[in-house]
Each structure stands twice: as C-alpha cells, then as structure tokens.
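Thanks for coming. Please have the sequence and the structure open while I talk.

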Amino acid sequence: MKTREYYYDNAKFILIFLVVFGHFITSFIGKKTIEEIYIFIYLFHMPAFILISGYFSKGFQKPGYVLKITKKILVPYLLFQVIYSFYYYVLLDKSELVIPILKPQWSLWFLLSLYCWHLLLFVFTKIKYSLFIALLIGLIAGYVDAIGNVLSISRTLVFFPIFLLGFYMKKEHFLKLTSNKGKIISAVVLAAMILVIHFVLVEMPKEWMYGSKSYEKLGAGWEGAFIRLLYYGMSMVMIFSFLAFVPKKEYFFTKWGARTLYIYLLHGFIIRYFRETELISFIKETGSYYLLLLFAIVVTLFLSSNIVYVMTQPILELRVDGIRNAFSRKLAARKKNREEDRKEKGGKVD
C-alpha cells in the first residue's frame, strides 16, 4: 500500500466510527450536549463518505464496471433488505413480515443511492455545468412532496452534488486541505461551526441533514431551497475541515478502512437491538453517557476484526478470499512448525 492511500483509509475508518457512534447517541438527542454532538457529526460524516466515494469512482467507464458495482453494492443491498426485514420482524415482534425492496431499511439507503450515483456519472459527466445542474436538482427536489424514501430518490438527488464534486476532485485538492494553512483555516471553521450549532442549528429540525423529506414536511415553504443551500455550505466546510486533520501515516486502524462496508451493513443489527434494551433507561438515569463512546469503539473494532471479515465476506462480497487466506496462513504456520521441529530433532541426532 502506498503512503497516499493511508490517508483515505484513515478517513474512511474514522468516518465509519462516527457513523456507529452517531447511531448510538440517536436515542439520547433530548439531552442538549448529546444533541449538539449529534448535529456536529451528522453535518459531515455521511457527506464526507459520499465525497470520498465519488473521488474513487473515476474508473466508471472501464469495461465491466457496472457489473462490478452491481455485485459490490446492489446485491448486498437486496440481500440485507431481506435479512433486516426478518430481523425487525423478530426483534420488534411485528404482526406481519414485510420486505420492502423499493424502500430501503434504515441505513441501507446509502447503498441504493451509491449505486444510482455511479450510474448517474454516465449522464452528468457528458453535460456542461454538470455540478451546477446537480445542485439545482437537489434544491428543486425539496419542493416535490412525492419524492421520498421510495428507491431513496430524495437522498439520491440531494446528495448527488457532493458525490459528483468528489468525482471531480484531484489528489492536489486533498494535499491543499492537509497543508498547514489548510489546517489553520479548518480549525477556525470548526470553532465557528460549533458556535453555529450551539446557537442556531440545535433549534432546527434534524431532518434537514438527512435529505429525505420535502420542504413542506420540514415546515418550510418557498425558502426551503435557501435553507438547504445553507446546509450544503455547512456540510462542505465541515467535510473539508475534517479532511484537513485526517492523518496521512499508517496506524493500527488504517487497514480496517478497507472494511467500512462490513461495519456499515452489520452494525445496524447491534444498534437496533441496543435500542430495545434497558441500557437506554440505565444510561439516562445514571448519566453514564460515556458508555456510548465505549460501545461505539467496541462495536467498530469488533466488526473490523478478521473473524468477522472471514465469516461474512462470502455473503457481502460473494468471495472467499478471507477464508482462503486464513486457511493458507494456517497451513503455512503448521509447515513452519514442522520444519522447526525437524531441525530440533536433527540437531539432537547430531
């Protein structure tokens, strides 16, 4: 792995941890401090993921690309739609089993939208002012009440400008962000955004950050597009400020940045179960909010582990590389041990 790749893997791992942490603290939004942390995270964690995904989609015109993303993105989406439907049916004791293929279960919207964003590149990269047009569509979409969660259309249109911007970004742009000047500016921006969150955004409906509802449902009228435009701006400065401080060197967690899909798809089982337990009441009553951070760390590290990777790769990627490599390592270790034993015995004979 080249040094420059460490940066992106580090960014992805930090972001997926924030996704897990953000979902843990959702049940505690009533507490103002938790709510401010929640807004801070949600303003950039998924948009940053989307931007980075766009950056790595530059090979979309290569032969077999559509088939590749279909296997990597669409197939897991369809599979987990079914799995999560059964899981919720049992966990939430629902009276009827419903498998809404066209309406993404909870966090699965990202996979469906991601698949659509890749396909949209075939169109938008061939037209002039594509970024401006994508932004305009994202703003106009809020006026259409019929656009919603079905096929994740609303989020697909709202977040596509960020994905497209990531596609157009180059390595040089990231280098400028991580320069000393970029870090100083980013620190000032983050400090300013903390004040904005504390005095302004905490009073706004959180759904503005989700991109899943129309302006009417958010309680806005004609001014909805201007509010969304402000959220676009805040998300972008937060994304760039975050990227400015992502470490470039290799750390113990760097390799796990390649397994973010596993964490994203699997952490939902744990989060939804957590929300049905008495731990929610315990944490609220005792004020043990630090446990949420601890839970997020444990879950993220566990779902990044080799054992989870090996066991779930055949399902998530339709491959068995993990099993094959683990088996090969075990055989190599046994062979090495036999050779060492043979040398020891040979030494004693001499």
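This is a predicted model: local features need pLDDT of at least 70, side-chain atom pairs count only at pLDDT 80 or more; totals for chains, interfaces and linings use all residues.

Salt bridges to begin with. How many does the structure hold? There are two salt bridges.

Take Asp9 and Lys12. Their side chains form a salt bridge, at 3.7 Å from N to O. Both residues sit in helix H1, which covers residues 3-25, and because they are three residues apart there, about one helical turn separates them. Is Asp9 buried or exposed? Asp9 has a relative accessible area of 9%, so the residue is buried.

Now Glu35 and Lys206. The side chains of this pair also meet in a salt bridge, with 2.5 Å from N to O. Glu35 and Lys206 are both buried.

Next, the helix pair. Find helix H6, residues 130-140, and helix H7, residues 153-168. At what angle do they pack? The angle is about 160 degrees, and the axes are 7 Å apart. Angles over 145 degrees count as roughly antiparallel, which means that H6 is roughly antiparallel to H7. The crossing of H6 past H7 is left-handed.

Which residues make the contact? On the H6 side, they are Ser130, Leu131, Ala134, Leu135, Ile137 and Gly138. On the H7 side, they are Leu157, Val158, Phe160, Pro161, Leu164, Leu165 and Tyr168. Sorted by type, the residues of this contact come to eleven nonpolar, two polar and no charged.

Stay in this region for a moment and look at the loop between H6 and H7, where Ser152 lies. Ser152 is not a glycine, yet its phi is positive, near 55 degrees. Its relative accessibility is 3%, so Ser152 counts as buried.

Trp106 is another residue with a positive phi, about 45 degrees, although it is not a glycine. Where is Trp106 found? Trp106 is in the loop between helix H4 (65-91) and helix H5 (109-124). With a relative accessible area of 24%, Trp106 is partly exposed, because buried means under 20% and exposed means over 50%.

Met46 lies in helix H3, residues 45-55, and is buried, with a relative accessible area of 10%. What does Met46 touch, if we leave out residues up to four places away in sequence? Met46 touches Val19, Trp109, Phe110 and Tyr264. Along the chain, Met46 and Ile239 are 193 residues apart, and their C-alpha atoms are separated by 9.4 Å.

Phe28 is in the loop between H1 and H2. This residue is buried, at 2% relative accessible area. For Phe28 and Met169, 141 residues apart along the chain, the C-alpha atoms are separated by 36 Å.

Notes: Residues are numbered from 1 along each chain as its sequence is written. Side-chain values use heavy atoms; hydrogens and water are left out. A salt bridge is a side-chain nitrogen of Lys or Arg within 4 Å of a carboxyl oxygen of Asp or Glu. Helices (H or I, at least four residues) and strands (E, at least two) are DSSP runs, numbered from the N terminus. Buried means under 20% relative accessible area, exposed over 50%, partly exposed in between (1.4 Å probe, protein chains only). Axes are lines fitted to C-alpha atoms, for helices over the stretch in contact, and angles run from 0 to 180 degrees between N-to-C directions. Angles under 35 degrees count as roughly parallel, over 145 as roughly antiparallel, 65 to 115 as roughly perpendicular and the rest as oblique. A crossing is left-handed if the near helix is turned anticlockwise from the far one by less than a right angle, and right-handed if clockwise. Contact means heavy atoms within 4.5 Å. Ala, Val, Leu, Ile, Met, Phe, Trp, Tyr, Cys and Pro count as nonpolar, Asp, Glu, Lys and Arg as charged, and the others, Gly among them, as polar.
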